[in-house]
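The sequence and structure are shown below.

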Amino acid sequence: MSAGYGGGLPTLRRSPVRRAMARGSMFRRLDWVLFSAVLGLTWLGTLLVWSATRPGLLQAGRDPESYLKKHLLTVAVGLTLALAVSMLDYRLVRAYAPMVYAASCVGLVAVLTPLGSTIKGHHSWIEVGGGFQLQPAEFGKVGLVMVLAVLLGEPREGHTEPSTGDLLAALTLAGLIVVLVVMQPDLGTTMVLAVLILAMVAVSGVSKRWLFSLVGAGVAAAVAGWQLRVLKPYQVDRFIAFAYPAADPKGVGYNAAQARIAVGSGGAFGRGLFHGPQTAGHFVPEQHTDFIFTVAGEELGFVGSALIVALLGVVLWRGLRIAINCENSFGVLLAAGVVCWLGFQAFENIGMCLGLMPITGVPLPYLSYGGSATLANMVALGLLEAVHVRQRTFV
């Protein structure tokens with residue numbers, strides 16, 4: 001019978017939008033509190049990127065909205081990617097983990113070849129044309145979270161924690177990514193990866209003996225790196241400026257001092273977008289990327305900065321809630337890994353703007369300008385949503 005006479009198959013006449021919004025659909029089952037928090041952060045970040053880049057572009061006689069347009073394009077692609085990943089079945093995510101990890105390693109190796117480009121002292125980018133650069137280290141975080149979730153989140157039958165073999169395999173694969181990032185060198189990303197690895201091992205349920213051993217090995221590696229002068233001189237200067245902030249405020253401590261001035265000058269409600277003298281005067285470097293929180297502090301004030309911290313807190317809270325409610329160990333590790341990655345990176349970025357952490361040059365998730373970081377963060381959102389949609393069953 002034809003559907004046009006009311007007795008046929010009305011579902012065949014549903015548009016894709018109506019099917020997506022139907023009760024019980026995967027789209028309706030997304031964590032919209034989490035998604036809304038990310039949208040809020042992205043909107044604020046877009047305004048801050050625009051405000052941070054517009055004065056300099058005007059002075060240079062260039063299009064004052066060029067960075068804004070590129071950022072909006074990246075955000076649009078990233079949100080599409082997040083929705084696509086969130087629709088993936090758990091089993092597909094697990095199956096893709098080795099491929100994503102391998103692709104990340106290939107990208108990190110390529111950076112160390114003549115294909116790589118040095119920007120701001122980091123040999124971390126690959127030029128892809130059109131004014132865009134690819135930073136494989138950002139996607140390395142995605143690959144690392146996925147492969148560790150596979151190795152540590154699937155204990156053998158009869159066991160509640162990963163075997164020694166699985167743990168050693170996980171640490172070996174994680175160590176490879178860390179070494180490749182250290183060789184760039186990228187101290188900030190190395191710190192994020194180290195915390196991520198330790199956190200995922202802890203969540204996997206291994207014994208305290210293993211955890212203490214890993215912490216000890218990490219401390220020993222840091223001390224050895226310092227003694228062997230693995231760090232570049234400018235990286236050592238950043239640690240000195242962090243330990244002694246008043247020692248050289250016009251030299252190695254200049255960036256940290258100016259960042260604190262910018263954040264503190266905003267008062268309760270800020271000076272308003274496009275009206276921050278520190279931002280317009282370029283006193284703080286890289287304000288659209290690493291130091292974007294200083295723009296928020298100066299132009300949005302304490303209230304605006306607190307809103308950003310609160311929205312980041314919502315993202316982490318919903319991520320932890322997804323991990324706790326998941327009944328599958330792989331999903332628990334996947335969600336917990338994403339939360340640890342985003343949480344520590346946000347703490348590291350905001351902390352360096354406030355003088356609580358050394359300056360390491362990592363972007364603020366969902367706010368900073370940066371193509372690779374934005375796309376990787378949106379993939380992280382998609383992974384959290386994928387776990388949430390199927391946290392109690394495979395459907």
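## Helix α10 and its cover

In helix α10 (residues 254-264), the buried residues are Ala 256, Ala 257, Gln 258, Ala 259, Ala 262 and Val 263. Buried means under 20% relative accessible area, exposed means over 50%, and partly exposed lies in between, with a 1.4 Å probe and protein chains only. The cover over these buried α10 residues includes α11 (277-280), α12 (292-299) and α14. Contact here means heavy atoms within 4.5 Å.

## Basis of the model

This is a predicted model, in which local features need pLDDT of at least 70 and side-chain atom pairs count only at pLDDT 80 or more, while totals for chains, interfaces and linings use all residues. Residues are numbered from 1 along each chain as its sequence is written, and side-chain values use heavy atoms, with hydrogens and water left out.

## Overall composition

The protein chain contains 15 helices and three strands. Helices (H or I, at least four residues) and strands (E, at least two) are DSSP runs, numbered from the N terminus. Of the 395 residues in the protein chain, 48% are buried. Among contacts in the chain with a separation of 6 or more, 71% are between residues 24 or more positions apart.

## Packing of α13 with α14

Two packed helices are described by the angle between their axes and the distance between the axes. The axes of helix α13 (residues 301-325) and helix α14 (residues 329-354) come within 8 Å and cross at roughly 160°. Axes are lines fitted to C-alpha atoms, for helices over the stretch in contact, and angles run from 0 to 180 degrees between N-to-C directions. Helices α13 and α14 are therefore roughly antiparallel to each other; angles under 35 degrees count as roughly parallel, over 145 as roughly antiparallel, 65 to 115 as roughly perpendicular and the rest as oblique.

On the α13 side, the contact is made by Val 309, Leu 312, Val 315, Leu 316, Gly 319, Leu 320, Ile 322 and Ala 323. These meet Val 332, Ala 335, Ala 336, Val 339, Leu 342, Gly 343, Ala 346 and Ile 350 in α14. By class, the contact of α13 with α14 has 14 nonpolar, two polar and no charged residues. Ala, Val, Leu, Ile, Met, Phe, Trp, Tyr, Cys and Pro count as nonpolar, Asp, Glu, Lys and Arg as charged, and the others, Gly among them, as polar.

## Packing of α12 with α13

Helices α12 and α13 pack at an angle of about 140°, with their axes 6 Å apart. This angle makes α12 oblique to α13. Phe 293, Ala 296, Gly 297, Glu 298 and Glu 299 of α12 form the contact with Gly 301, Ser 305, Ile 308 and Val 309 of α13. The contact of α12 with α13 comprises four nonpolar, three polar and two charged residues.

## Individual residues

Trp 50 lies in helix α2 (residues 32-59) and is partly exposed, at 24% relative accessibility. Leaving aside residues up to four places away in sequence, Trp 50 touches Pro 64, Glu 65, Leu 68 and Phe 274. Trp 50 and Tyr 67 are 17 residues apart in sequence, with a C-alpha to C-alpha distance of 7.0 Å.

Gln 235 is placed in helix α9 (residues 233-243) and is buried, at 2% relative accessibility. With residues up to four places away in sequence not counted, Gln 235 touches Pro 185 and Leu 187.
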